Number of protein chains: 2
Amino acid sequence: MQFRLHTTDSRTKARAGILHTAHGEILTPAFMPVGTNATVKALTAREVWETGARMVLANAYHLYLRPGIEIIAKAGGIHKFANWPGSVLTDSGGYQVYSLADLRKTTDEGVHFKSHLDGSSHFFTPEKVIEIERALGPDIMMPFDECPPSQAPRETIERAVYRTTQWAARAMEHFRRTQTQHGYEQMLFLIVQGGTMRDLRELCAEELVGMDAAGYAIGGLAVGEPNEVMYEVTDWVTDALPIQKPRYLMGVGTPVDLVESIARGVDLFDCVLPTRNARNGQLFTRDGKINIRNAKWKNDYSPIDPETPSYASRNFSKAYLAHLFNADEILGLTLATMHNVAFYEQLVKEAREQILMGTYYAWSQQFRERYEQSNIPQGT
Amino acid sequence: MQFRLHTTDSRTKARAGILHTAHGEILTPAFMPVGTNATVKALTAREVWETGARMVLANAYHLYLRPGIEIIAKAGGIHKFANWPGSVLTDSGGYQVYSLADLRKTTDEGVHFKSHLDGSSHFFTPEKVIEIERALGPDIMMPFDECPPSQAPRETIERAVYRTTQWAARAMEHFRRTQTQHGYEQMLFLIVQGGTMRDLRELCAEELVGMDAAGYAIGGLAVGEPNEVMYEVTDWVTDALPIQKPRYLMGVGTPVDLVESIARGVDLFDCVLPTRNARNGQLFTRDGKINIRNAKWKNDYSPIDPETPSYASRNFSKAYLAHLFNADEILGLTLATMHNVAFYEQLVKEAREQILMGTYYAWSQQFRERYEQSNIPQGT
């Protein structure tokens, strides 16, 4: 068994488990920082490790375009290339390709698109993406899917569900027909689409569950729909997925989104928020977000966040971080990123402990209340 | 004694010593990475420490303008502000103020100038700069000096020597009249000017030596003059300085400049080269410089530099670093900076060992030969 459940909460659907990968055990719920280009932006590999993260997300589409899969394959795979001792999951790039609205053409076979870097022409199929991910060597591979806007008309969503399901079957078949290239086992998760329509989500889930993947992802959320809708869709989908397989909610979310989605049975997350917002000077704390560029922090000598156990959070003052941001110093980006990722990792770690103790619901309510009721101004 | 000489080389003027500061012992020859804004660009404090650096250079002028000296004074001084466990030397900003050609007006009293950040008006005097450095709290303070272009007409250099000497006397007097603000001892070094004119350098040195400072700097070099001229001027000045005081060659230089200047009796260096060039993708190796953006490194899986003992140099391949630079990833700047600073620190450490062993001259010749005769292309 690659995934083992320790506990399911009695009051919510929250679960504590462990996911065995070729590069180590992932305690769930888990949060993956985003490392699109085989680097979590502004952090060294050992700094990422120190945040508590044990699996990072990279992007097959981006790495295929740059540096190219041969470069990474010849290095012995993405772990060796990036000197990352933990696990890696690669997103297929379905989301990225669908963002290239004017530069792509989709058929049932696959997607023709032009590179956002140099305009060169490429053709991705479900099989091709599996080949790319075999070469890159992540522990967990995501298949090529069709990711429509969540508010798209029903027929657009229906077609996306149909294609995603067809492509999932082709990906599974190609996955089973091919071998690892780097001497360790890889897993393939499948992605449930269906926008915000319950019947389509359930239909898609049912089809994919029949394919017996190692894990299931919920795609196409956190793309503009209200939070409560996202939580509801998550709830439907986790109900339709097998208990014994890990569930991964893609691209989500805020700290409250994590807490609420864990309560709905999600085991795995990735999101750019902690890293991207850090680079804009926004820091996550138990009392809500703060913007370090706000003038009030200029002479605040308290630590960035004494509640988050990271080198950055505890050893540098807000005044110093504010100075680094005001002076456009790279170190500001590094310290803020280190703090935010550690905050997220601490959050899922604590969630797991609360699930194991049977106190998740009360803890999640307290977390949300304190986070949302804070009077800390959001700054500019 | 704040400075103690262990050994003077028999064949060259190279010296091995130890400089005692309020924040630790500095083994000399020593190299200070530049941390203008109270951060060595792209490195955390612990990464700087790990390179072997034990003293960093910050800039009083920049910190006075941003974040302002009160912010740093209230933090308990620059070490606490930046959470740097080692020693700090602050340059006065004389060089920076003189670079503001159109924005300054100099009198015998001091310099009126406009901030390069917001155009606000300021007036620096030798006394004012001492006040700033008392507030910032570096271990070693540099006085306000007049730093003319090295190729300026003789009368310009003469006036700069006259002013620098007058201002040095005022700085020393103000230094002696004022107290530390942060509970530890500070030192004031004085700066020898005089362009490339031997009599002016010797005159300036003689005047300053009479003031009995804790150490002496050689200013106004590495500003465009040929290397051999810089070495010669350094040679004159160190001959004119007392044996028992440390000598600091400001803003110098390349690895070969360090090796040659150590041979001429210099104990202390700072330079932006390792940090600035790193951010442009230029790496220092024993075989000369390489530019990591050069296409030839794209699939070179050898370590950045197996001869330099840093986390970056030994754990990441040139191929990975090339990818990070091509993808404009911040981590590229961090790894390159970590390597280059470690290279410089390793260089002065090895120089010291060779001086102690009595083999400095032969080693320095070998170093220079290998560094300069390399066939590694410089890239773009």
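**Close-up 1: the surroundings of A:Phe189 in the predicted model**. Skip the neighbours within four places in sequence, and A:Phe189 is in contact with A:Ile140, A:Met142, A:Ala213, A:Ala214, A:Gly215, A:Tyr216, A:Ala217 and A:Tyr248. (Contact: C-beta atoms, placed from the backbone, within 7 Å.) Residues count from 1 along each chain as its sequence is written, and chains are lettered from A in the order in which they are written. Because this is a predicted model, local features need pLDDT of at least 70, and side-chain atom pairs count only at pLDDT 80 or more, while totals for chains, interfaces and linings use all residues.

**Close-up 2: the largest nonpolar core**. This core has 233 residues. A:Phe189 is among those with the most contacts inside it, along with A:Val56, A:Leu321, B:Val56, B:Phe189 and B:Leu321. (Nonpolar core: buried Ala, Val, Leu, Ile, Met, Phe, Trp, Tyr and Cys residues joined through C-beta atoms within 7 Å; buried: 20 or more other C-beta atoms within 10 Å of the residue's own.)

**Close-up 3: an open three-stranded sheet in chain B**. The order is β7-β8-β9, with antiparallel pairing. β7 (104–106) and β9 (121–124) each have a single partner strand, so one side of each lacks a neighbour in the sheet. Neighbouring strands are turned by 15 degrees against each other on average, direction ignored (axes are lines fitted to C-alpha atoms). Three bridges link β7(B) to β8 (residues 111–114), and B:Lys105 sits opposite B:His112. (Strands: DSSP E runs of at least two residues; pairing: at least two bridges.)

**Close-up 4: the β15–β16 hairpin of chain B**. Two residues separate these strands. Four bridges join β15 (residues 282–285) to antiparallel β16 (residues 288–291), with B:Phe284 partnering B:Lys289.

Terms used. Axes fitted to C-alpha atoms, helices over the stretch in contact; angles between N-to-C directions. Buried ≥ 20, exposed ≤ 12 C-beta atoms within 10 Å, placed from the backbone. Contact = placed C-beta atoms within 7 Å.
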